Amino acid sequence: MKSQYFAMGLLLASAGVTAQEIGVKGGSDFFAAAINSQKTAPGLQYGVEYVNAKHQSELLDANLGYGVAIGAMRIVPRVGLFWAELNHDKTSSYGVNAGIRAMAPLPQARHTWLYLDFSMAPNFSTYKLDHLHQFEAGVYYQPAHWLTLSSGYRYLGSGLHEYKTHRAIDGLFIGAAWRF
């Protein structure tokens, strides 16, 4: 088993992934657990997240992107796959999504970043959904090399054909992640 972890570490290191995070975040209407690469480093980035939202809604999202440094900012375009079980139709949906994350450091506060994260899956890339879109904005703070804290606003909306948008998440959150 240790050789498998060693092999996975070598694979990620050779691909340019510098650090990983395992974390949780939550608010009044959702709980999420995620495994990500370091979000502030340029290069290959990946993420897998499970979200349990209000009204018996669940989302599993996996994405792959490449971070580019433009001055102090980090821009990460990415593509991903998702599986969702949403309350409004009580069946599973899946599809392909695309998104972008932009992060900018706060010059006066060390190890603190402001970020925007948006992804969407339009009708042609989904099964049993008209659309799925996510938005997150917040503050990302790293007080120690092994700890990351985050806080902000998150929105997750989806729609069936001819129905209005179902808001599974629409509110504030806090989170913490362990970095290794």
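Predicted model: local features only at pLDDT ≥ 70, side-chain atom pairs only at ≥ 80, totals over all residues.
1. Basis. Local features require pLDDT of at least 70 and side-chain atom pairs pLDDT 80 or more, while totals for chains, interfaces and linings use all residues. Numbering starts from 1 along each chain as its sequence is written, and side-chain values use heavy atoms, with hydrogens and water left out.

2. Secondary structure. The protein has one helix and eleven strands, in the sequence order α-β-β-β-β-β-β-β-β-β-β-β. Both element types are DSSP runs numbered from the N terminus: helices are H or I with at least four residues, strands are E with at least two.

3. Burial and surface. Of the 180 residues, 44% are buried (under 20% relative accessible area, 1.4 Å probe, protein chains only). The accessible surface is about 9900 Å², and carbon and sulfur atoms contribute 67% of that area (Shrake-Rupley method, 1.4 Å probe).

4. Contacts along the chain. Among contacts (heavy atoms within 4.5 Å) with a separation of 6 or more, 45% link residues 24 or more positions apart.

5. Asp117, placement. Asp117 lies in strand β7, residues 112–121. Asp117 counts as buried because its relative accessibility is 15%.

6. Asp117, partners. Beyond neighbours within four places in sequence, Asp117 contacts Arg78, Ile100, Arg101, Gln134, Phe135 and Glu136. Arg101 is 16 residues away along the chain, with a C-alpha separation of 4.3 Å from Asp117. The side chains of Asp117 and Arg101 also make a polar contact at 3.5 Å (a pair of N or O atoms within 3.5 Å; within protein, one able to donate a hydrogen and the other to accept it, and residues adjacent in sequence counting only if both atoms are side-chain atoms).

Methods: Buried < 20%, exposed > 50% of the residue type's maximum accessible area, 1.4 Å probe, protein only.
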